[in-house]
Amino acid sequence: MAAVNRDPLTAPHRTRNDALLAVAWAALATGMALFGDQELRPDALGWTLLLAAHVPLVWRRRSPVLVLLVVMVCITPYHALENNHAAPILATMVVLYTVAATGTVRRTLFTGATVLGLTLVLNGLTNPDGTMEILRISGWVVAFLFCGIDVRYYRQYVAAIVERAERAERTREEEARRRVAEERLRIARDLHDLLAHSITLIGVQTSVAAHVLAADPEWLDRETIAKSLDDIAETCRTARGELRTTLEVLREQGAAGEARGPLPGLDGLPDLVEAARLAGARVESAVRVRQAPPAVGAAAYRIVQEALTNVVRHAGPGPAVRVELYEEQGALRVSVADDGPGPAAGARNPGYGLVGMRERARSVGGTLDAGPRDEGGFGVSAVLPIGTDFQAGREGDR
């Protein structure tokens, strides 16, 4: 079955195998001529033509039609000289099978018609009364041609199955790599948002405590220092909890991409606002959202978290911040605006905050704009679709 399934034009050691086949067929033809009808035993010229007809079989796969022509050139005078007619049949049938198995159906039919026509002419000239012989030869020619066509179609069918299996395997591997890349990107965004937010708040709260200690060493505001340290401890506990949730996803065996734990949502926005206030920002919030899908709520949470982190980090002391979330035309609209100076122009390492926010918005089919405002400060606005009305509104805008 391996030999049948293999493409004859690319099979290994095909020339060597065909040479051995030609020797075997020549030996068999010699035996048939020697032990067949003694009256039809070939003479010297007949033996030469018979053996010469088997030599081209060595190259039957490389040029099957040319080999068939050479074989017919040797076989035609061999039959015309009234030698043993059965001896060269095997060589002829092998070449006919090769032509059918390696070529198109149109070429096979044309070759078969030519061979049958030549056979009928020769048999009519040498044996006009041999009607049964004509039918027998024609039947063998047709049988070997159809056998070659059938094997050719079978090989194409097997090759198609193998190709589909390989394509499916490549698709599964590409899908697995894509999911791994998406999961790594999601975890990187989560870790960036978590660590950047927590470390920024800890840095601000530590600065407050250090300022109180250095402002007037003789008169310590123990209550303020204790509150700053408590805030630092609470921020550390919150960050540790979120970090543990993220690490549990990494340790999941099997369907790691599905085990993502509870997503942060809109119900966590008050904690973000309070943390920003503790860091010194004057935050006003307005949340007018009835309900949002978990993925959209998580994206909005992370966008607000990163935006407030940037405000605390870049907007200077005591910035005023306005946080708004509301529904409009089937979309959740998020706006975070401050009155600070924003990040310094030409910063060498701007970070991944804005990139992460845009990726968050795109992950749920939304958009995000961020940049300096005309009236001063910095603004972040996002549109996150939460219903079919959003698509209808976009089509109406077009």
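Reader: What share of the contacts between residues at least 6 apart in sequence joins residues at least 24 apart?
Author: In this predicted model, the share is 72%. A contact here means heavy atoms within 4.5 Å.

Reader: What makes a residue buried, and how many of the 398 residues are buried?
Author: Buried means under 20% relative accessible area. Of the 398 residues in the chain, 37% are buried. The accessible surface of the chain is about 23,200 Å², and carbon and sulfur atoms hold 60% of that surface.

Reader: Which helices and strands does the chain have, in number?
Author: The chain has 12 helices and 5 strands.

Reader: Why does the span of helix α5 agree with its number of residues?
Author: Helix α5 covers residues 89-102, which is 14 residues. The expected span is 1.5 Å times one less than the number of residues, so α5 should span 20 Å, and its end C-alpha atoms are 20 Å apart. The two values therefore agree.

Reader: What makes α5 mostly covered?
Author: In α5, 10 of the 14 residues are buried. Among them are Met93, Val94, Val95 and Leu96, as well as Val99 and Ala100.

Reader: Why is Val65 called partly exposed?
Author: Val65 has a relative accessible area of 33%. Buried would need under 20% and exposed over 50%, so Val65, at 33%, is partly exposed. Val65 lies in helix α4, residues 64-80.

Reader: Which residues form a nonpolar patch on the surface with Val65?
Author: Leu66, Leu69 and Val70 form the patch with Val65, and together the four have about 330 Å² of accessible area. A patch residue needs over 30% relative accessible area, and Val65 has 33%, so Val65 passes that cut-off.

Note on methods. Residues are numbered from 1 along each chain as its sequence is written. This is a predicted model: local features need pLDDT of at least 70, side-chain atom pairs count only at pLDDT 80 or more; totals for chains, interfaces and linings use all residues. Side-chain values use heavy atoms; hydrogens and water are left out. Helices (H or I, at least four residues) and strands (E, at least two) are DSSP runs, numbered from the N terminus. Buried means under 20% relative accessible area, exposed over 50%, partly exposed in between (1.4 Å probe, protein chains only). Accessible areas come from the Shrake-Rupley method with a 1.4 Å probe; for residues, only the protein chains shown count as cover. Patches are made of residues with over 30% relative accessible area and no salt bridge: like charges are joined within 9 Å, nonpolar side chains (Val, Leu, Ile, Met, Phe, Trp, Tyr) within 5 Å. A salt bridge is a side-chain nitrogen of Lys or Arg within 4 Å of a carboxyl oxygen of Asp or Glu.
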